[in-house]
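Morning, everyone. Let's look at one helix packing and then some ring pairs.

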Amino acid sequence: MTLEEPYYIEYALDDGDSLGISASLGGLVTLRRDRFRVPEIKVRVGDYKFDNTDYAGSGFHFGTHYDIERFPLEDSYPVLRRYFWLATDSAYKSAVEAISRKRAALKNVTVNTPLDDFAKADPVKKILEIRRVAPDEDAWSGRIRALSAIFEAYPAVKSSGVELSAVATVHYYMNSEGTEVRTPDNMIYVLARAEAQAPDGMLLHDAVVFQSLDFNRMPAEPELRRGVTALAANLTALAAAPKGEDYSGPVLFEGAAGAQLFAEVLGGNLALTRRPVMEPGRNSFAATSELEGRQGARILPEWFDVVDDPTQKEWRGRPLFGSYDVDREGVAPRPLSLVEKGVLKNFLLTRQPVPGYSGSNGRARLPGSYGANTAAISNLFVRATETAPAADLKKKLIEMCRQRNKPYGIIVRKMDFPSSASVDQFRRLLSGSQGGSHPVSGPVLAYKIYPDGREELVRGLRFRSLNARSLKDILAAGDDSNVFEFQNNQAPFALIGGANYVAESCVIAPSVLIDDVEMHPTEEELPKLPIVPAPEMRAKIVGRALEGNSAAYEAAAGWERNATSFLHRGAGNSARSRLLAGFGRLKGGCGHDWPPHNQCRIDSFGEP
């Protein structure tokens, strides 16, 4: 029996350390340090024109599964060699099986536009100096505790937490074409998120993230405190705000919301996907870009240009979050002009050929499906040559509403992107979204603006039919440049914790006024409020019970007092009572323990 010969092999390894800290209401919840090594081995059989990828079974393991456990942490040559030997053997056997099944499937289906399966690339040698860095565990533990305690002053917030994740990694990559890469891959972030519930039962969520590729360039503590305080204040205001109404008209995406809009609606559609070979009767679930086939067409006003540039490390003295030296396929990127004078000129490409493009431009940043990688933005610069002062955009919005006899316009100042929703909320958002392959996240901070300039915060709005084609309806752009950094992934709404691999991305864009946007209130069954108010309200509980309003309140209040006494007995300080108060708030506010996203959260090592 003659086996297929491998024509391409690649080895990748992330070798690093991580620190994770989380706290709620001033109390430490978790503290974890880990050492990890995560390998990735790929084998291709056949040739560049036809191989074992781009098939529905590509990427699955066939044949022998060796019990090789986790990758060794020590540099023991015999152990490392044995691991790579067995892992390569397993990858090779899976590749042979996949190409055999692919050939069998092609006997029963016709490929309309034959494409090569893999593009050649010039070898790259990038060996950078590695300086091991470690965050100060004690200092960060104190900061995270202090930041989480801010929420104690906001009783309307039902659940809250602050977490730190610091990962110092060395990325190694080599392939059979001669590419050799060793680069640092560090990231640190502080994430604060919280939930509240409106009087009608509507659950509300929001988050704020501070992140950096350099451990020593995180924001100072005063800036962190301002961000968390603003989060708590905004969520409190949202809980008291009225529910939004159906709306169709001009919408101003102001400040960070403008950059978020471009990140999600434009950035999420700049990567092309390829439909895999399927057995007859099976459907492909590959998401398609809304811009596919529109190269050379106008997708923005003619006074817009868009460039993706991972080589730019700083902008106006600020480090850029989306910079990188080599992508996941060993290709060094260059600045890429995507839109010129409103016309789509290019896409983000990997080494998997797609219709109209045969090679990579170094944008393979995320693991993909069917044996391929997925392209994603790096530092996306959205520039407008015709601008107006940001304050004038609001005046223009008011004037448009007057001319159209509309009682108010809408200003969006923050979108839920990446989404901080819990698993249940995420499912409801997805099921109630506008449909299509690219649902758009809803606004977090949306305001009615009346003809007299008065603003009113509203909650519970969603976009209807907002997509990449809506960008052609931009009427005006501000003279501001808003920097929005986020961890990109392949989950809808880039759900925080929704995938086990992220690509650091950054968008620099102005505020924009769009002519006609449809919005509608959420239509879903709302959960009931907690039967027993939060522990901070127990004095009111007892008073209400003494008035004879509810025997259930008396029983609940008595249980809470007994539980508090039991946990606090002998403690001699307020730490335990504060912990109980936090636990009661978390359980009552969202129906499960903190963190509320554990069902889908995956840590630095890809383990749930």
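H2 passes H3 in a right-handed crossing, meaning the near helix is turned clockwise from the far one by less than a right angle. This is a predicted model: local features need pLDDT of at least 70, side-chain atom pairs count only at pLDDT 80 or more, and totals for chains, interfaces and linings use all residues. Residues are numbered from 1 along each chain as its sequence is written, and side-chain values use heavy atoms, without hydrogens or water.

H2 covers residues 137-149 and H3 covers residues 221-240. Both are DSSP runs (H or I, at least four residues; strands are E, at least two). Their axes, lines fitted to C-alpha atoms over the stretch in contact, sit 10 Å apart at about 30°. That makes H2 roughly parallel to H3 (angles under 35 degrees).

Who touches whom? Trp 140, Arg 143, Ala 146 and Leu 147 in H2 meet Glu 221, Leu 224, Arg 225 and Val 228 in H3, with contact meaning heavy atoms within 4.5 Å.

Now the rings. There are 17 aromatic pairs (ring centres within 6.5 Å; planes under 30 degrees apart are stacked, over 60 edge-to-face, the rest tilted). Tyr 11 and Phe 84 are edge-to-face, 5.4 Å centre to centre, with 90° between the planes. Tyr 11 is in strand S1 and Phe 84 in helix H1, so the pair ties together parts 73 residues apart in sequence.

Next, Tyr 48 and Phe 118. They are stacked: 6.0 Å centre to centre, 5° between the planes. Phe 118 is buried at 3% relative accessible area (buried is under 20%, exposed over 50%, partly exposed in between; 1.4 Å probe, protein chains only). Ring pairs link Tyr 7, Tyr 8, Tyr 48 and Phe 118 into a cluster.

Key. Axes fitted to C-alpha atoms, helices over the stretch in contact; angles between N-to-C directions. Parallel < 35°, antiparallel > 145°, perpendicular 65-115°, else oblique.
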